[in-house]
Amino acid sequence: WPQVEIALVHFPDVASVEQWPEGAARPTVEAHERVAEHYNLPSLDLSAEVASRIAQREFGWPDYGGVHPAVFGQRMVWRSMQRFLRRMAVLGPTRAQPAPAMDAAELPEAIDPLSYSGGLQLEPHLATIESGWQLLPEWAPPMKELIRPGFVNRPTLVASAPGARLTLTFEGRAVGLQVVAGHDVGAISYSLDAGPETTLELLTPWSKNVHLPWFHLLATGLSPGEHTLVITSKAGQAGGQAARIQSFLVDRGEASSK
């Protein structure tokens, strides 16, 4: 991975358009720009371009298409990306050009010592089913229900009723889940190392329209060594009862990422 060339692109959202003019605080952009500066990465601020042109009444936010650009917005992004890539190819050794490939040992000190640089996805079969859960080798919803390609027909831990219980033993300083959140999902409760239980609702604002992947961070800042995660399915506040887990997310620290 150290040989992969990386560029940052800031896409616009409603807040970046409504909070224009230039100079307004943009915490997300500013945070990513600090990362770009630290690692000498090129970046393209589409957010600023779109918001500025909307403020000048060249077009409106609906014309652009919103956070998922319409054809007009896609053409604008395509032209901006072309200009950006041409600049990267012709300018000298500045942030507008990718830094030379370097070994992991040559990377600068991590900008955040608690970053998830040792992040891994653990397959669902590594969990121990105690009751209720099933490991389906190729889960998919009924034919007429919408899905996100890439997150169906793959191994999935499935619970269809409250009370299903499983455990995962892992080593790492953080743990989370990648779930599939459709219209029928409920909630889970989880505990770490026999600690108190926490309830997590799995339904999202978009779940009624599509079975979509969603990522949850359950715990971070854990001590080194082995930990045990216990998950139990529950009925959700909206009445759903299903739960689906496609991978467990674990961060083992910087050393394990090599």
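This is a predicted model: local features need pLDDT of at least 70, side-chain atom pairs count only at pLDDT 80 or more; totals for chains, interfaces and linings use all residues.
Some ground rules: local features need pLDDT of at least 70 and side-chain atom pairs 80 or more, while totals for chains, interfaces and linings use all residues. Residues count from 1 along each chain as its sequence is written, and side-chain values use heavy atoms, with hydrogens and water left out.

**Exercise 1. Work out the strand order of the five-stranded open sheet and find its edges.**

Step 1: Get the elements. Strands are DSSP runs of E with at least two residues, and helices are runs of H or I with at least four, both numbered from the N terminus.

Step 2: Pair them up. Two strands pair if DSSP finds at least two bridges between them. That gives the order β4-β7-β12-β9-β10, with antiparallel pairing.

Step 3: Look at the ends. β4 (128–131) and β10 (198–201) each have a single partner strand, so one side of each has no neighbour in the sheet.

Step 4: Zoom in on one pairing. β9 (residues 187–192) and β10 share four bridges in the antiparallel sense, and Y190 sits opposite T198 of β10.

**Exercise 2. Classify the aromatic pairs F59–F72 and W61–Y64.**

Step 1: Apply the criteria. Rings of Phe, Tyr and Trp (its six-membered ring) pair if their centres lie within 6.5 Å; planes under 30 degrees apart are stacked, over 60 edge-to-face, and the rest tilted. Three pairs turn up in the structure.

Step 2: Take F59 and F72. With 5.1 Å centre to centre and 70 degrees between the planes, they are edge-to-face. F59 is in the loop between α3 (46–55) and α4 (61–64), and F72 is in helix α5 (residues 71–90), 13 residues apart.

Step 3: Check accessibility (buried is under 20% relative accessible area, exposed over 50%, partly exposed in between, with a 1.4 Å probe and protein chains only). F59 is buried at 9%, whereas F72 is partly exposed at 36%.

Step 4: Now W61 and Y64. Their ring centres are 5.6 Å apart and the planes lie at 15 degrees, so this pair is stacked. The two are three residues apart in helix α4, about one helical turn, and both are buried.

**Exercise 3. Sort the lining of the second largest pocket by class.**

Step 1: Count by class. Nonpolar means Ala, Val, Leu, Ile, Met, Phe, Trp, Tyr, Cys and Pro; charged means Asp, Glu, Lys and Arg; the others, Gly among them, are polar. The lining has seven nonpolar, six polar and two charged residues.

Step 2: Find the main contributor. α2 gives the largest share, four residues.
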